[in-house]
Amino acid sequence: MTLAAELGKPISVPTGPRIRAPRRSLAISPSALLPFLLPLGIVVLWQAASSFGWITNRLMPAPIQVVWAFWDKLVSGELAVNIQASAIRAISGLLVGGSIGFLLGLANGVSRLSHSLTDTTLQMLRTIPNLALIPLVILWFGIGEEAKLFLTALGVFFPIYLNTLHGVRNVDPQLIEMGRVYGMNGWTLFRKVIFPGALPSIFVGLRFSLGIMWLTLIVAESMAASSGIGHMANSAREFMMTDVVILALVIYALLGKLADLVALTLERLTLSWNPAYQKSARS
Amino acid sequence: MSTTVRTKNVWGNDIEPEYAARIPRQRAGDRGVGIRIEGLAKSFGDVPVLHDLDLEVPAGQFLAIVGKSGCGKSTLLRLLVGLDTPTSGAISFVGPDGADTEPSSRIVFQEPRLLPWASVIDNVVVGLGEGVGRRDARRLAEAALAEVQLGEKAGEWPSRLSGGQRQRAALARALVSQPAFLALDEPLGALDALTRITMQALIERVWQEQGFTALFVTHDVGEAVALADRVIVLDEGRIALDIAIDQPRPRRRGAPDLAEIEGRLLAGIFK
């Protein structure tokens with residue numbers, strides 16, 4: 001028995017300090033720069049093309065002009081005001097639409113009655129592109145903040161609703177059964193088993209909806225607004241200020257990337273149990 | 001059985017203490033409950049899985065249930081822990097005073113079923129249910145983990161454990177509330193042959209120490225014979241064979257007496 005017991009010992013995972021990846025030095029390795037090579041090359045080529053007069057500056061300004069436009073708007077304070085206006089719209093739209101989608105997704109994932117009452121209706125509404133509602137929204141809300149909030153909230157609602165529902169419905173039934181045997185009642189079961197199990201899927205929905213959030217906002221702000229990045233780009237078009245238009249595009253790209261980064265960081269913090277997030281710090 | 005506990009392996013690294021090397025401590029007291037099953041039947045739709053089942057299990061007994069797959073052994077276990085309700089018949093638990101009780105029962109599944117988003121110790125705390133203070137819960141869970149020799153893995157995610165370690169954590173979760181009745185539904189079925197032997201010794205030891213009534217479902221007759229006080233063979237929803245094994249513990253695998261019993265059981269299964 002002793003020998004057998006010794007043989008049967010599970011192969012032990014190293015229990016001491018974990019094997020760490022070699023610490024990164026501060027010097028940036030050449031391979032880390034590789035992804036930036038292409039965009040940098042394009043900018044250089046673009047600047048060269050402008051400088052040699054191959055493209056007209058009226059239609060496509062040189063990168064350096066975009067930088068100057070950025071400086072101008074920054075100093076005048078216009079940029080901060082517009083970014084703030086856009087960010088507030090984006091965040092409030094996400095909060096309103098996202099929380100309704102999240103709550104409905106949970107309710108329909110947990111309750112069969114709620115699901116059969118609302119899911120078919122929601123699935124039908126989902127097929128209507130939210131931007132197709134613009135004429136109606138203008139009639140209902142005018143061109144004020146309500147219209148933008150409505151459109152953004154509607155846009156972010158569906159990805160979050162669908163993915164929350166999917167996540168809740170796909171929680172391992174064996175774990176739910178285990179929870180029941182171990183005496184978990186409704187709320188405890190939800191808090192300890194269902195919600196954490198659905199979380200990876202909810203994050204997928206969140207990242208999807210962030211993309212839709214910016215898209216909707218750009219359209220809503222170009223349509224009619226007196227502030228915001230979209231408004232800045234649109235009024236620049238009227239004066240043929242292409243550098244400001246390009247600047248607006250760059251800012252949208254950066255804001256979108258920032259939002260995605262925040263979501264990714266949240267994901268990594270809350271899903272550290274998942275082997276997929278343990279491998280390394282990079283995605 | 002005299003053993004010396006080695007702490008280093010041939011490469012000089014620390015090894016985990018052997019389960020079998022520790023002599024069971026004195027029994028904590030007879031916590032076990034008796035089980036009385038009368039005329040039990042269970043069918044799913046029109047398909048009868050169990051019928052006319054009568055069984056009396058004395059408190060503290062280690063009972064193994066074997067049988068071909070589909071014989072109803074897992075169903076019987078699920079009925080006993082309340083995961084299913086019987087179609088007819090009655091299950092009652094008898095306390096030490098001879099009166100019917102509602103025992104604290106726990107089950108270990110074939111899969112560990114640990115919450116992947118909770119650390120090993122938090123998974124064990126789940127076994128305590130509600131109403132235990134945070135500090136007490138931690139202390140009890142640590143003790144249960146030490147009992148299955150997993151103390152140093154308390155803070156790990158389950159995904160970092162090996163298959164055997166996960167099942168040990170699941171066992172700790174079942175034991176932490178000190179159940180009077182423990183159901184084990186093929187708990188070693190998914191483990192490799194060598195890990196199984198270690199786990200069998202572990203289960204035997206904690207049962208000897210804690211004195212709960214154990215119902216152990218397995219498809220491995222050798223395992224049943226090595227561990228149980230009594231083995232019943234289920235066939236088509238009824239008890240086909242009921243054999244008491246009063247060999248001294250710890251039992252030596254392949255001993256002639258045990259092999260003879262194993263042969264009888266196998267003959268009973270494949271008659």
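**Strand pairing, domain contacts and nonpolar cores**

In the predicted model, B:I107 has B:A183 of strand β7(B) as its bridge partner. The two strands concerned, β6(B) and β7 (residues 181-185) of chain B, pair in the parallel sense over four bridges. Along β6 (residues 105-108) of chain B, B:S105 and B:I107 point one way, whereas B:R106 and B:V108 point the other way. Residues on both sides of β6(B) are buried.

Chain B is divided into two domains, of which domain 1 comprises 29-104 + 181-271 and domain 2 comprises 114-177. Taken over C-alpha atoms, the centres of domain 1 and domain 2 of chain B are separated by 25 Å. Contact between these domains of chain B involves 10 residues of domain 1 and nine residues of domain 2. On the side of domain 1 of chain B that touches domain 2, helix α5 (residues 193-210) of chain B gives the most, with five residues. By class, this side of domain 1 of chain B has seven nonpolar and three polar residues, and no charged residues.

The largest nonpolar core has 113 residues, of which B:L63, B:V124, B:A172, B:L215 and B:F216 touch the most other members. The element that gives the most to this core is helix α7 (residues 145-169) of chain A, with 13 residues. Because domain 1 and domain 2 of chain B both give residues to this core, the core lies between them. Another core, of nine residues, lies apart from the largest one; A:I229, A:A233, A:I246 and A:L247 are among its members. In soluble globular proteins, nonpolar side chains tend to be buried together.

In chain A, helix α8 (residues 173-181) has A:L175, A:M178 and A:G179 as its buried residues. Seen down the axis of α8(A), these buried residues fall within an arc of 100°, and they therefore line one face of the helix. An α-helix has 3.6 residues a turn, so residues three or four places apart point the same way. The cover over the buried residues of α8(A) includes α9 (186-223) of chain A. Helix α8(A) is followed by A:G183, which has a positive phi, near 80°.

Notes:
Residues numbered from 1 in each chain as written. Chains lettered and ligands numbered in written order. Predicted model: local features only at pLDDT ≥ 70, side-chain atom pairs only at ≥ 80, totals over all residues. Buried ≥ 20, exposed ≤ 12 C-beta atoms within 10 Å, placed from the backbone. Arc of directions from axis to C-beta. Contact = placed C-beta atoms within 7 Å. Domains from an automatic or database assignment. Nonpolar A, V, L, I, M, F, W, Y, C, P; charged D, E, K, R; others polar. Core = buried A, V, L, I, M, F, W, Y, C linked by C-beta atoms within 7 Å. Pairing = 2+ DSSP bridges.
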